[in-house]
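Here is a short report on one model. It covers a chain, its confidence scores and a chain-chain interface.

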Amino acid sequence: MKNQLNRIFIAIFGLLFAVSMAIPATASAQVTQLACSPGRITTTVGGDVELRALGGGPTFNWVTENRIMLNIGSVFVVDFDTPGIHVVHVTSQYQTAFCVVEVLGSTTNPSTGTPTTPQLPNTGAGSSLVYVGALIFLAYVFSMIAVSKKTFAYLSK
Amino acid sequence: MPLAVIIATLFISIGAVDLATGGSSIPSTSVQTESRTVVGEILPSQIRIPALGIITQVEHVGVTEQGRMQASKRFENVAWYALGSRPGSSGSAVFAGHLDNGLGMPGVFAHLGKATEGDRIYVRDIHGLEKVYEVVRTASYGLYDAPSEDIFRTSGEEVLVLITCDGKWVASDKTYDRRLVVFAKPLNLIP
């Protein structure tokens with residue numbers, strides 16, 4: 001009976017000692033800087049990209065403009081269905097990092113799966129905004145004339 | 001009247017009305033001073049055409065939802081078709097630059113039509129590695145008549161292709177009715 005009590009005391013003491021040693025060790029553990037890799041990657045519409053969180057952990061939250069994945073691992077595979085620049089954020093342990101995914105339009109015909117040749121680009125705007133600006137300006141001038149006439153008529157009374 | 005003054009001042013300040021140069025200014029950006037001509041393909045980051053006073057950054061682009069090659073986001077930059085061939089590899093490395101913008105300001109390729117046979121084109125990557133090309137011919141195609149299969153080919157003889165708008169502005173289509181295409185072949189400057 002006495003031996004059993006001694007064993008229990010030793011076990012409890014050992015457990016407390018282990019916990020007391022672990023707490024400062026955990027508290028003083030260095031928090032590594034969180035980063036997202038690769039920092040910038042190019043893909044095409046619908047193409048998977050694999051992003052990896054470096055540092056931080058053990059769990060990560062991954063956020064895109066239309067998806068939030070909470071408490072998952074350090075690897076995140078994502079694809080986008082619109083061309084353009086997309087930013088993917090990863091957070092862990094109060095740190096945030098981001099990767100930039102550049103999505104190019106696809107040249108694959110969705111019905112046949114065969115590559116298609118693009119048409120030549122639209123590389124001009126023909127001063128179109130100047131005409132819009134001129135129209136707005138003319139509208140403003142006419143409205144000012146109308147207001148002036150009304151004001152003049154009112155003051156003449 | 002004060003609004004007219006404000007609008008005029010605004011247009012002049014942003015360059016829409018280029019009184020100093022008669023609208024012929026060409027946007028330029030900083031340029032690396034050292035380069036090394038290389039064999040093999042490069043990922044373009046800068047393009048330079050001394051004969052036309054063009055030095056500009058390269059944006060990597062794909063295609064639009066309508067199936068057109070995307071244009072550069074900034075009208076003073078040049079777009080490179082990243083889904084096609086790279087400079088230095090077989091096929092066509094296709095670059096496109098704006099003729100103008102909505103305010104009538106000249107784009108990076110506003111004077112591409114002045115390119116003549118023998119003009120040199122320098123394409124550089126971020127490490128300063130450079131490919132050199134020489135203009136061999138220019139052509140103007142109707143928007144829907146351009147030989148896209150040839151312009152965007154990914155195999156065969158190496159060629160550099162520069163594209164910009166040409167012809168008349170078609171307001172209903174919001175585009176010009178022609179495209180100016182400059183073809184250049186690589187120069188082997190390495191002894």
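## Burial and fold of chain B

Chain B has 191 residues, and 39% of these count as buried. This is a predicted model.

The secondary structure of chain B comprises 2 helices and 9 strands. Their order along the sequence is α-β-β-β-β-β-β-β-α-β-β. Take the contacts in chain B between residues at least 6 apart in sequence: 60% of them link residues at least 24 apart.

## Confidence

The average pLDDT of chain B is 83. A score of at least 70 is reached by 81% of the residues in chain B.

One stretch of chain B needs care. Residues 8-33 of chain B have a pLDDT below 50. In the model this stretch still has 31 contacts beyond near neighbours in sequence. Where pLDDT is low, predicted coordinates should not be read in detail.

For the model, ipTM is 0.77 and pTM is 0.61.

## The interface between chains A and B

How many residues of chain A are in contact with chain B? The count is 23 residues of chain A, against 39 residues of chain B.

Two elements of chain A give two or more residues to the side that touches chain B: strand 2 (40-44) and helix 2 (128-156). Helix 2 of chain A supplies the largest share, 5 residues.

What is the make-up of that side of chain A by class? The side of chain A that touches chain B has 13 polar and 10 nonpolar residues. It has no charged residues.

Methods
Residues are numbered from 1 along each chain as its sequence is written. Chains are lettered from A and ligands numbered from 1 in the order in which they are written. This is a predicted model: local features need pLDDT of at least 70, side-chain atom pairs count only at pLDDT 80 or more; totals for chains, interfaces and linings use all residues. Two residues are in contact if their C-beta atoms, placed from the backbone, lie within 7 Å. Helices (H or I, at least four residues) and strands (E, at least two) are DSSP runs, numbered from the N terminus. Ala, Val, Leu, Ile, Met, Phe, Trp, Tyr, Cys and Pro count as nonpolar, Asp, Glu, Lys and Arg as charged, and the others, Gly among them, as polar. pLDDT is the predictor's confidence in each residue, from 0 to 100. A residue is buried if 20 or more other C-beta atoms lie within 10 Å of its own, exposed if 12 or fewer, and partly exposed in between; C-beta atoms are placed from the backbone.
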